[in-house]
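Thanks for asking me to look this over with you.

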Protein chains: 2
Amino acid sequence: MTLTEELKSPLGLIAGNGSFPLEFVESAQRRGLSVVAVAHTGETDAEIERYVDQCTWVKVGELGKIIKTFKKAGVKQAFFAGGIKRIKLFGGVRLDLKGLSVLSKVRSVKDDAILRGIADEIEQNGIRVLSASILLENSVPSEGLLTSRALTAEEREDALVAWDAARAIGALDIGQSVVACEGIVTAVEAVEGTDAAIRRGAELAKNAGVVVKLCKPHQDLRFDLPAVGTKTIEVMAECGVTALVIEAGKSLILNRQAFVEKANNAKIAVLAAESKKYLLNQ
Amino acid sequence: MTLTEELKSPLGLIAGNGSFPLEFVESAQRRGLSVVAVAHTGETDAEIERYVDQCTWVKVGELGKIIKTFKKAGVKQAFFAGGIKRIKLFGGVRLDLKGLSVLSKVRSVKDDAILRGIADEIEQNGIRVLSASILLENSVPSEGLLTSRALTAEEREDALVAWDAARAIGALDIGQSVVACEGIVTAVEAVEGTDAAIRRGAELAKNAGVVVKLCKPHQDLRFDLPAVGTKTIEVMAECGVTALVIEAGKSLILNRQAFVEKANNAKIAVLAAESKKYLLNQ
């Protein structure tokens, strides 16, 4: 049975921010599958309305409304695509009754715990939650160099320092990205986002550095994988960060072709590594 | 033998930034000990010249000049006080021959490795390097609450989250401070400094949070201990961070009396804890 046969149309899409939800819809439609999207006010790109069969807007936390929308449309399989800024937890969240009951059961406010609580609740309503990456094979890089330029020896040294730090902060669910320069960690991402961390780290190192963005070691792969895109390359080029290492098999590259082109034009090296050892041997 | 008898005047002071070098000089003079200071251009408060018997200005990295100054003055015991911004490693460092030879032997550019290399070199010239905190007993807090207000249950929860993160980043020599709010780490300090990390974390949490500043687990206590002072409290008060946890026995409080007064006025809770367990039982 092919992937497309296994998937039961319409697919339910829980859309967050960025271009990942749009790529998901495009990929589904290329396979002849229709999509029922639930978009988040203040997060999801409004463009999505033009591409999906049905789009319902919710506020972050309106879980009951998501489940009702999917059930009414006959959705049997749902997917998370695109992040919800964690910062919203500090305001702008409107929990409906279902959202409230799920969050009150969640024992940790860490991202994964919340998402797992939401996924569990959706599954209890007869809808399976799957990894969006299964539709986006080409967006998930396998191990190897993505750009024409490889990392220099110095960049690799800095990437190794950043790798260790990124693993440690991922294990504590603090963030995904670390910037390093000349053997020193210059920025650690918490809730400010990757672009802000890259800018800060580069500025402190006087426009230099490399960035490593990794998946959390215990990440549920159905949720928001670490994503990079053309915007990431633009930010790096602007502030002098010259190399990017992402995790093979556990990262998403949005608009991959444009991403690689932009990196090559900016002479930025991008490597997907499954392990520190692979990075070491580059 | 009292401490003062053990110390051989003049004491050598390798002065970094902040008010810690001045407090060191004041404390030494109160005990009748004279101080020969080596101050760092662009780092050390020029006020120091007014208080010490002898002050020589060096650029960061001029280790040979430091040793020469101390030997000429008959210094037998030297102390580091005040940090040197790591950021300077990315520019503005002028290594003299001795500095170059030490740094070329250091296998890591991490703070402690560099400082240990420098201390070893100084000791090889017959000058013992001691912990400045032995002169500043009152500045090193023992376990307990320092302010009239204790941490609330919510602040304690956030402090526990920040504690774990601070331990992890300390172990990797990334930084000392972490800000948390509502169970989420909102900022991790790398080279930007504690004040900048506090501001960022608080802003992302819409003016809230607690900060934990810990010593690195393997820190050589002769070097730059995590320091807090009235400026820390001012920054916290300005941006809505309500509680501070520092490490008992391994932190410096600069201008302690003013620090505690300012914290009480701002209704900020400050706790010195030796362990997570102590924090938990508060």
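How many bridges join E1(A) to strand E2 (residues 35–40) of chain A? The answer comes in point 2, after a word on the model.

1. A note on the ground rules. This is a predicted model, so to speak a calculated one: local features need pLDDT of at least 70, side-chain atom pairs count only at pLDDT 80 or more, and totals for chains, interfaces and linings use all residues. Residues are numbered from 1 along each chain as its sequence is written, chains are lettered from A and ligands numbered from 1 in the order in which they are written, and side-chain values use heavy atoms, with hydrogens and water left out.

2. Strand E1 of chain A and its partners. E1(A) and E2(A) run parallel and are joined by 5 bridges. Two strands count as paired if DSSP finds at least two bridges between them; strands (E, at least two residues) and helices (H or I, at least four) are DSSP runs, numbered from the N terminus. Within this pairing, Ile14(A) sits opposite Val38(A), and Ala15(A) is opposite Ala39(A). From E1(A) the chain passes through helix H2 (residues 20–30) of chain A to reach E2(A), a right-handed β-α-β crossover. Right-handed here means that, with the strands pointing away from the viewer, the path from the first strand over the helix to the second runs clockwise. E1(A) is also joined to strand E4 (residues 77–81) of chain A, again in parallel and by 5 bridges, with Ala78(A) in E4(A) as the bridge partner of Gly12(A).

3. Is E1(A) buried or exposed? Strand E1 (residues 11–15) of chain A is mostly covered, with 5 of its 5 residues buried. Buried means under 20% relative accessible area, exposed over 50%, and partly exposed in between (1.4 Å probe, protein chains only). In a regular strand the side chains alternate between the two faces of the sheet. Here Leu11(A), Leu13(A) and Ala15(A) point one way, while Gly12(A) and Ile14(A) point the other way, and all are buried.

4. The sheet around E1(A). Chain A has an open sheet of 5 strands in the order E3-E2-E1-E4-E5, with parallel pairing. Its edges are strand E3 (54–58) and strand E5 (128–130) of chain A, each of which pairs on one side only. On average, neighbouring strands of this sheet are turned by 25 degrees against each other, direction ignored. Helix H2(A) packs on the sheet and touches E1, E2 and E4 of chain A, its direction making about 165 degrees with that of E1(A). Contact means heavy atoms within 4.5 Å, and axes are lines fitted to C-alpha atoms (for helices over the stretch in contact), with angles running from 0 to 180 degrees between N-to-C directions.

5. The sheet in chain B. Chain B also holds 5 strands in an open sheet, ordered E3-E2-E1-E4-E5 and paired in parallel.

6. Strand E11 of chain A. Strand E11 (residues 243–247) of chain A has 5 of its 5 residues buried. Ala243(A), Val245(A) and Glu247(A) point one way, and Leu244(A) and Ile246(A) the other. E11(A) pairs in the parallel sense with strand E9 (residues 210–213) of chain A over 4 bridges, and with strand E13 (residues 269–273) of chain A over 5 bridges. Val210(A) has Ala243(A) as its bridge partner, and Glu247(A) has Ala273(A).

7. The core. Which residues touch the most other members of the largest nonpolar core? Among its 46 residues, they are Val245(A), Leu279(A), Val245(B) and Leu279(B). Such a core is a set of buried Ala, Val, Leu, Ile, Met, Phe, Trp, Tyr and Cys residues joined through side-chain atoms within 4.5 Å.
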